[in-house]
Structure formats: structure tokens, C-alpha cells
Amino acid sequence: MSDNTKIKNTNELEFAVFCIENLAIRLGKNAEEIYKMLTEESNILSDYIIPEYEVLHTQSKDYIVDDIISLMQERGIKV
């Protein structure tokens, strides 16, 4: 992660965990697989989820999960 996209507080950390856990449930995978998809196969966690926390966390769970899945597909991650 670059310096400006590091998790800055517990709210951002909890949101990252929320996203990972809910993606895992929706996609039928475990959280570790999702974490690797968002960090090793892409940089979605550091370049999208954390920087866009202020906007994303105000949305519904389904919207957030659908949005991240769409981004994963756009970036070529098999979901």
C-alpha cells in the first residue's frame, strides 16, 4: 500500500474486514482467498476500498459487494 492508502483507523479496518467477509459469503470462498484476490491478484483493497471508504461505507451491503465484484471482474479476477 502506498502511504496515502494505508488503513488509518479502526473504522477503515473494520470496513475492510466487512468487505472481505461479505465477498467471501457471496462468492462461496473463504476470507483468505478473497484477501489474496484483493491484494495479490489486484490492488483493489489499497487502491479502491480504503481510499473510497468515506463514500462506500454509506452504501448498503449489497451495493458494496456488487460494486467490488464488478470491479474485480473488470480487472480480470475470476470470481
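At what angle do helix 1 and helix 5 pack, and how far apart are their axes? In this predicted model, local features need pLDDT of at least 70 and side-chain atom pairs count only at pLDDT 80 or more, while totals for chains, interfaces and linings use all residues. Residues are numbered from 1 along each chain as its sequence is written, and side-chain values use heavy atoms, with hydrogens and water left out.

Helix 1 and helix 5 (residues 61-74) pack at about 75 degrees, and their axes are 10 Å apart. Helices here are DSSP runs (H or I, at least four residues), numbered from the N terminus; axes are lines fitted to C-alpha atoms over the stretch in contact, with angles running from 0 to 180 degrees between N-to-C directions. Helix 1 is therefore roughly perpendicular to helix 5, a label for angles of 65 to 115 degrees. On the helix 1 side, the contact (heavy atoms within 4.5 Å) involves residues including Phe15, Phe18 and Leu23. Helix 5 contributes, among them, Ile64, Ile68 and Met72.

Turning to the aromatic rings, the structure holds two aromatic pairs, where pairing requires ring centres within 6.5 Å. Phenylalanine 15 and phenylalanine 18 are stacked (planes under 30 degrees apart), because their ring centres are 6.1 Å apart and their planes meet at 20 degrees. Both residues lie in helix 1 (residues 10-27), three residues apart, or about one turn of the helix.

The rings of phenylalanine 15 and tyrosine 53 form an edge-to-face pair (planes over 60 degrees apart), with centres 5.4 Å apart and planes at 70 degrees. Tyrosine 53 belongs to helix 4 (residues 53-56), so this pair ties helix 1 to a part 38 residues away in sequence. Tyrosine 53 is buried as well, with a relative accessible area of 9%. Together, the ring pairs link Phe15, Phe18 and Tyr53 into a cluster.

Glutamate 12 also sits in helix 1. Glutamate 12 is buried but has no salt bridge, which would need a side-chain nitrogen of Lys or Arg within 4 Å of a carboxyl oxygen of Asp or Glu. The nearest side chain of opposite charge (Lys and Arg count as positive, Asp and Glu as negative; His and the chain ends are not counted) is lysine 8, 4.1 Å away. Beyond its neighbours within four places in sequence, glutamate 12 contacts Lys6, Ile7, Ile50 and Tyr53.

Note on methods: Rings of Phe, Tyr and Trp (its six-membered ring) pair if their centres lie within 6.5 Å; planes under 30 degrees apart count as stacked, over 60 as edge-to-face and the rest as tilted. Helices (H or I, at least four residues) and strands (E, at least two) are DSSP runs, numbered from the N terminus. Buried means under 20% relative accessible area, exposed over 50%, partly exposed in between (1.4 Å probe, protein chains only). Angles under 35 degrees count as roughly parallel, over 145 as roughly antiparallel, 65 to 115 as roughly perpendicular and the rest as oblique.
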